[in-house]
Amino acid sequence: MTAARPLRDRADACPGALQTHPAADGALARVRVPGGALTPAQLRVLSAAARELGDGALELTSRGNVQLRGLRSGSEAELGDRLAAIGLLPSATHETARNVLASVLSGRAGGLLDVRSWVPAFDAGLCSDPRLAALPGRFLAAFDDGRGDVAGLGADIGLLALDGRTVALLLAGTDTGVRTDPDDAVALALAATRAFLDVREQQGGTAWRVAELTGGPPRIAAALGAARSAPVAVPTAPAIGPAGVVPQDDGRTALVAVVPLGRLTAAQAELLAGTAVGDLQLTPWRSVVLPDLADAGAATDLARAGVVLDPGSAWLRVTACAGRPGCAKSLADVRADVVTAVARGSLPAQGARQHWVGCERRCGRPSGGVVDVVATGQGYRVTTGT
Ligand code: SF4
């Protein structure tokens, strides 16, 4: 049985850096960070903005983006100016469409090729095409270097390296059979993105995602006019990302710091920025990668500051929605309750992978097998399901 496609009678309302969302605890801004790549200077500016304009923390999202919450009234313009000054707002018209995931540690540890250069090239192509400003804020691209970490995360447009010279085009998470070589992969992804808008227009212009189109993937693939090979199975994305010390192929070391519930305090962000020796990478698993370190010596200080480098930590298996006070619908201060449960070692379901929410909407529920812990007003109901 196929899932019913949602009927879209309005444009998506995804927040951006300029188009903020009015939450119960103040305005919420979402800053797109294509590929999760941030310089230490950019992280410092985000941290200062969180301290001075928001609630003092940065939220990491499952798309490797950053949110600022509790923004004081009227601070949107100042936030926009600060972001633009450090290159985090290259296009006011395309900002919400710049959702790009890239393999974690690509070019540094594992993978079949290095996809790091694809991200800025795709982003530049997207921002320079006025028509692509019409992309919905839910649109997502994912560039997988063959390790299979992001290809299965349900992106609209995906590139998956099959070997060092062959890249597969994925649409809505399935292989189209269209192939290209690494040098032409970004152009193909941009062509597929434009074709998505064409097919969307033909079907009334309301769909937010490729999967919401009737026959979306085959129609988009046909519009590209490329020869097709036999499709391959797309790897399922891991439920839990890497954590801790990762030896790089060049002998250096990467540290992957998991941020409990994705809430990175300004002090933690400043410590990460001060420890990094080059670009950092935000991951879809709400962690921050510090690559190219000489050794793992910084791990102790980072762990002392509250980020998690133990791959066996319960924090790798727990996610939560905003809850109170950020969401008016919430029946509980979900995050505070999770912190208490982790500290006491009293997570339900024997600490299985779980998602805590303040109401039945179950926002932010990760894909795959996960236990739901739902606030009822008198405690929590624990259910396992899909
Ligand atoms: S799940 Fe409910 S309480 Fe949590 S953020 Fe969504 S609407 Fe709010």
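This is a predicted model: local features need pLDDT of at least 70, side-chain atom pairs count only at pLDDT 80 or more; totals for chains, interfaces and linings use all residues.
Beyond four places away in sequence, Asp 156 touches Arg 138, Phe 139, Leu 140, Leu 170, Leu 171, Ala 172, Arg 209 and Val 210. Its place is in the loop between strand S7 (141–144) and strand S8 (157–163). Asp 156 counts as buried because its relative accessibility is 2%, under the 20% limit. Its side chain is joined to that of Arg 209 by a polar contact of 2.8 Å.

Asp 145 also lies in the loop between S7 and S8. With a relative accessibility of 0%, Asp 145 counts as buried. A polar contact of 2.9 Å links the side chains of Asp 145 and Ser 106. Leaving out residues up to four places away in sequence, Asp 145 touches Ser 103, Ser 106, Gly 107, Gly 110, Gly 111, Leu 112, Leu 113, Val 115 and Ala 161.

Leu 105 is found in the loop between S6 and H3. Phi of Leu 105 is near 70°, a positive value in a residue other than glycine. Leu 105 has a relative accessible area of 5%, so it is buried.

Helix H3 (118–127) is largely enclosed by the rest of the structure, because seven of its 10 residues are buried. These buried residues are Trp 118, Val 119, Phe 122, Asp 123, Gly 125, Leu 126 and Cys 127. They pack against strand S6 (100–102), S7, S8, strand S9 (166–171) and helix H4 (185–202). An α-helix has 3.6 residues a turn, so residues three or four places apart point the same way.

H3 also contributes to a pocket. The second largest pocket has a volume of about 430 Å³. Its lining comprises 23 residues, and Pro 34, Ala 37, Leu 38, Val 119 and Asp 279 lie nearest its centre. Strand S3 (37–38), H3 and strand S14 (280–282) are the elements that give two or more residues to this lining. H3 gives the most, with three residues. By residue class, the lining divides into 11 nonpolar, seven polar and five charged residues. Domain 1 (1–89 + 242–313) and domain 2 (91–238) each supply at least three residues to the lining of the second largest pocket.

The domain assignment of the protein chain gives domain 1, domain 2 and domain 3 (318–384). The centres of domain 1 and domain 2, taken over C-alpha atoms, are separated by 23 Å. The contact takes 39 residues from domain 1 and 35 residues from domain 2.

The peptide bond from Arg 324 to Pro 325 is cis, with omega near 0°. Pro 325 has its place in the loop between strand S16 (318–320) and helix H8 (334–344). Arg 362 has a positive phi of about 55°, although it is not a glycine. Arg 362 lies in the loop between strand S17 (354–357) and strand S18 (370–375). At 24% relative accessibility, Arg 362 counts as partly exposed, whereas Leu 105, with its positive phi near 70°, is buried.

Notes:
Residues are numbered from 1 along each chain as its sequence is written. Side-chain values use heavy atoms; hydrogens and water are left out. On a 1 Å grid over the protein atoms alone, a cavity is a set of points where a 1.4 Å probe fits but cannot get out, and a pocket is an open set with protein on both sides within 12 Å along at least five of seven lines; lining residues have an atom within 4 Å of a point. Grid points are joined across faces, edges and corners, and a volume is the space filled by probe spheres set on the points. Helices (H or I, at least four residues) and strands (E, at least two) are DSSP runs, numbered from the N terminus. Ala, Val, Leu, Ile, Met, Phe, Trp, Tyr, Cys and Pro count as nonpolar, Asp, Glu, Lys and Arg as charged, and the others, Gly among them, as polar. Domain bounds come from an automatic or database domain assignment. Buried means under 20% relative accessible area, exposed over 50%, partly exposed in between (1.4 Å probe, protein chains only). A polar contact is a pair of N or O atoms within 3.5 Å; within protein, one must be able to donate a hydrogen and the other to accept it, and residues adjacent in sequence count only if both atoms are side-chain atoms. Contact means heavy atoms within 4.5 Å.
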